[in-house]
Amino acid sequence: MMQQLLAWLDHRTGIKGLMHEALFERIPGGARWRYVWGSALVFTFSLQMITGIFLLTAYSGSTQTAWESVYYIQEQMTLGWLVRGIHHFAAQAMTVLLAFHLIQIIVDGAYKAPREVNYWLGLILMQIVLGLGLTGYLLPWDQKGYYATQVSTKIMSATPLVGPALQTIAQGGNEYGHATISRFLAMHVVILPAALIGFLALHIYVFRRHGIHAKTPLKAADATFWPDQVLKDAVAALGVLAVVMGFAIFKGAELNPPADPADAFEAARPEWYFLFLFRFLKFEAVEHLGLAFGAIHFPGFLFTVLAAAPLIARVKWGHKFNVAFLWLIAGGAGLLTVMAIVEDNANDDHQMALREAERDSHRIRELAQSDTMIPVDGAVSLLRKDPFTQGPKLFAKHCAGCHRYEGHNGRGRLLMTNDPNDPATQNNPSHAKKVVAQPEATDLADFGSRDWMKAVLLDYSKHFGPLKNAQWFKDDSKAKADGKEVEFIHPDESEMAAAVNDEYAKLLSKPENADDLSAVVEFLVAQRNRASVDKIDEKLAARGQEILNGGKLKDGSEIGNQCSNCHDKLGSKFELTDSGNGYPDLAGYGSKEWLTAFLKNPGSEQFYGKKNRMPAYGDKLRSDELELLVRWMTGDYFPTHVADYASRKRELPK
Amino acid sequence: MSSHAPAPPGAEGSCADCHCSGHTPPRRGFLYKFAAGALGLLAGAIPSIAGLAFFLDPLMPKTRKAGSGTGGVVKDADGFIKMAISVEGLPNDGAPQKFTVFDDIINAWNKQPNQPIGAVWLRKINNQVIAFNVTCPHLGCAIEHRNAQGDFYCPCHTSAFALDGKKLNQIPPRDMDSLEVKVEGHDIWIKFQNFRGATSEKVVT
């Protein structure tokens with residue numbers, strides 16, 4: 001029955017002959033492992049087709065949905081992480097296999113006559129595969145893909161004559177937008193795969209015409225493709241699949257935070273197999289010769305020599321030259337790749353930018369999974385409105401010039417300055433040695449907390465000590481020494497310093513007054529109104545208020561009303577319209593309202609008055625920025641489990 | 001299938017550097033072929049199965065249901081939505097009034113708070129409120145109220161219904177789809193549901 005059916009089909013289609021042709025290709029010297037690279041590439045491409053088509057059933061290409069749909073694939077859909085993971089890592093595997101295939105072809109001399117055309121077809125296929133990698137990198141529309149691809153399209157614009165037009169066409173406009181995604185998607189899922197299938201068919205057709213280039217000496221009797229080489233190919237395919245799935249399962253395809261055109265990603269790097277080109281362009285000498293030279297002419301020249309290999313092989317030593325040239329390129333690319341990785345690993349700014357991207361990408365998942373989900377204007381709007389994300393960035397930009405946050409600038413980075421001991425700082429500042437800069441104001445990580453309050457009460461001079469590093473402090477001190485009338489905060493000599501150092505610190509640090517110290521701290525901490533974090537003991541706080549308003553301490557001594565003499569709003573309701581006297585209003589100290597009013601105008605009479613040297617941020621920050629900063633500093637945001645930047649206090653100069 | 005493979009026609013003559021003419025391919029055992037086929041199949045099956053499971057994701061039960069409270073839509077645990085109209089706002093003579101129903105829409109990764117999701121006809125009879133989904137049970141057009149005829153009428157295929165929702169001709173497969181209504185004080189709560197069209201049974205979609 002089966003035989004009859006087959007015979008019928010064969011009569012109509014000639015399928016038997018076709019199968020014969022396909023399967024019984026002769027392999028002189030028998031099947032060998034070194035012939036598996038081509039088949040492994042075909043398999044990996046099939047892998048990409050399978051996973052790619054499935055991914056396309058869920059991907060949504062626009063600036064408000066690209067990242068969002070990839071997030072949804074990755075985090076919400078059944079096995080989405082695996083399908084995307086395979087696609088992500090198989091793309092990289094393909095590049096590696098391409099390299100192996102090329103090396104095998106050159107080393108074995110399989111590119112030589114009569115196989116020149118097939119070699120050139122192979123090089124075209126290589127370009128298509130690299131094009132697939134490049135276009136696919138942008139599609140998730142995350143920070144990394146967005147900013148790395150910006151570099152690629154800028155390189156495109158350096159093409160002689162037609163560059164800018166080429167860039168505009170590729171982007172679908174002068175800037176990245178919906179059209180960019182649509183065009184890259186069309187390239188990635190239709191144009192390039194179709195071209196690849198076409199050229200692959202030609203490649204295999206021409207390959208079959210001349211048969212396999214057997215590596216001599218032959219080591220065994222001849223065999224056929226089926227089943228001998230197929231078995232080896234299948235084992236290789238499974239090996240590739242195992243490695244790809246290993247990466248997909250144990251590493252996982254990363255998804256950076258959603259692309260934000262307004263927030264440049266400093267750690268943008270191309271996919272690792274383009275790193276050598278990235279590093280090459282960073283050489284000063286290359287930069288000097290122009291982008292077109294480094295990114296187009298020079299690589300183009302190398303590629304031309306590679307393409308000319310079959311012609312070069314005709315002359316004496318030609319093949320040896322080709323092999324040497326290939327190893328030279330491979331070695332050079334390898335060296336540049338290692339250089340790029342080693343340099344990035346040693347670069348604190350780069351590492352911290354990666355750390356920030358990781359923090360943001362965890363945070364956006366948290367927000368996207370919250371009850372609000374993702375609004376229709378896209379995930380990036382969630383991050384833009386999130387104090388936990390934006391607060392540190394605003395702090396780094398506006399506050400970290402003087403203040404620190406756990407020793408860093410809010411974004412995990414140390415502030416650097418030219419080493420004053422390096423003579424280059426004077427003569428040639430751009431080449432001076434960098435050292436960690438001294439903070440010029442307090443560290444605000446624990447602002448308004450118990451620790452903060454205790455430090456103000458017991459250790460005022462040390463707590464505000466960093467002020468002494470500021471240039472204004474040096475100028476004012478000098479002016480004062482010259483006999484000029486200036487008012488400023490002096491950590492060692494101001495009224496508060498004197499009061500603390502001479503009286504309160506001694507009274508409150510007596511062992512028998514330990515409970516009273518806690519009470520005073522409790523009362524002051526209660527001012528910031530963060531019950532959920534601080535868990536205020538109301539009775540203790542009331543006792544603290546009593547002490548500050550004249551009550552006796554355990555040991556019989558009293559602070560009297562010395563605190564409330566200056567800080568005249570002590571413990572009463574805070575009103576923005578209250579008048580002041582240049583001593584900080586302590587009602588609601590550290591609360592959202594207090595901090596907002598303070599940042600708007602720290603020099604108002606209810607805060608530091610004439611003594612103030614901090615800029616007023618009322619007109620430096622937009623009101624929404626001010627709100628984000630204040631909400632971050634006062635912990636008012638959707639609760640997070642994302643690990644924050646590690647403390648860097650220990651790295652600060654002593 | 002024989003494993004004695006004659007060289008494919010064409011390959012022989014053009015094969016420039018074959019050292020193989022005259023060799024006979026060795027006969028391979030069943031096990032060898034089976035292994036080659038099975039391993040090849042496995043390599044293709046694994047990603048295909050993962051992809052298929054991914055593709056069938058819409059059939060998996062979803063944990064996330066349309067929530068409430070973020071967009072101003074008031075919805076109780078049983079899925080009743082509070083309408084913007086009060087009992088007093090409906091005419092006492094039982095004349096049907098059409099209202100839009102709002103709810104949060106969950107669209108894959110997006111949540112759009114307070115979006116129009118459909119409409120209902122409301123009637124007040126002896127201080128009791130009855131509600132019908134405006135969607136025609138026939139083929140899904142919107143049912144209108146004809147004041148002159150005193151009936152409900154679908155302009156697409158002329159389905160007609162009495163004001164109590166009973167069908168008046170043979171075009172619709174069933175009566176109008178009534179909805180569950182709760183009246184609490186002045187407030188009207190409606191459990192808004194859509195139903196499958198063109199069947200005599202009322203099946204929630």
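Colleague: Which strands make up the open sheet in chain B, and in what order?
Modeller: The order is β5-β6-β7 of chain B, an open sheet of 3 strands with antiparallel pairing. Strands here are DSSP runs of E with at least two residues, helices are runs of H or I with at least four residues, and both are numbered from the N terminus. Two strands pair if DSSP finds at least two bridges between them. This is a predicted model, in which local features need pLDDT of at least 70 and side-chain atom pairs count only at pLDDT 80 or more, while totals for chains, interfaces and linings use all residues. Residues are numbered from 1 along each chain as its sequence is written, and chains are lettered from A and ligands numbered from 1 in the order in which they are written.

Colleague: How many bridges join β3(B) to β4(B)?
Modeller: There are 6 bridges between β3(B) and strand β4 (residues 128-133) of chain B, and the two run antiparallel. They form a hairpin with 2 residues between them. Asn126(B), in the turn, has a positive phi of about 50°.

Colleague: What stands opposite Leu122(B)?
Modeller: Ala131(B) in β4(B) does. Ala131(B) also has a bridge partner in β8(B), namely Leu179(B). Strand β8 (residues 178-184) of chain B runs antiparallel to β4(B), and 2 bridges join them.

Colleague: How many helices and strands does chain B come to?
Modeller: It has 2 helices and 9 strands. Of the 205 residues in chain B, 23% are buried. A residue is buried if 20 or more other C-beta atoms, placed from the backbone, lie within 10 Å of its own, exposed if 12 or fewer do, and partly exposed in between.

Colleague: How far apart are the two domain centres of chain B?
Modeller: The C-alpha centres of domain 1 and domain 2 of chain B lie 53 Å apart. Domain 1 covers 26-60 and domain 2 covers 80-191; such bounds come from an automatic or database domain assignment.

Colleague: Switching to the contact between the chains: how many residues does each give?
Modeller: Chain B gives 40 residues and chain A gives 49 residues. Two residues are in contact if their C-beta atoms, placed from the backbone, lie within 7 Å. On the side of chain B, the elements that give two or more residues are α1 (11-14), α2 (30-55) and β3 (110-125). The largest share comes from α2(B), with 17 residues.

Colleague: What classes of residue are on that side?
Modeller: The side of chain B that touches chain A has 25 nonpolar, 11 polar and 4 charged residues. Ala, Val, Leu, Ile, Met, Phe, Trp, Tyr, Cys and Pro count as nonpolar, Asp, Glu, Lys and Arg as charged, and the others, Gly among them, as polar.

Colleague: Which residues touch the most other members of the largest nonpolar core?
Modeller: Ala40(A), Ala368(A) and Ala379(A) do, in a core of 87 residues. A nonpolar core is a set of buried Ala, Val, Leu, Ile, Met, Phe, Trp, Tyr and Cys residues joined through C-beta atoms within 7 Å. Helix α10 (residues 225-250) of chain A gives the largest share of this core, 11 residues.

Colleague: What is Ala368(A) in contact with?
Modeller: Leaving aside neighbours within four places in sequence, its contacts include Tyr71(A), Met373(A) and Trp109(B).

Colleague: Which residues of helix α28(A) are buried?
Modeller: In α28 (residues 592-600) of chain A, they are Trp594(A), Leu595(A), Ala597(A), Phe598(A) and Leu599(A). These buried residues pack against α29 (623-633) of chain A.

Colleague: Last one: why does Val338(A) count as partly exposed?
Modeller: Because Val338(A) has 13 C-beta neighbours inside 10 Å. Val338(A) is in helix α15 (residues 318-346) of chain A.
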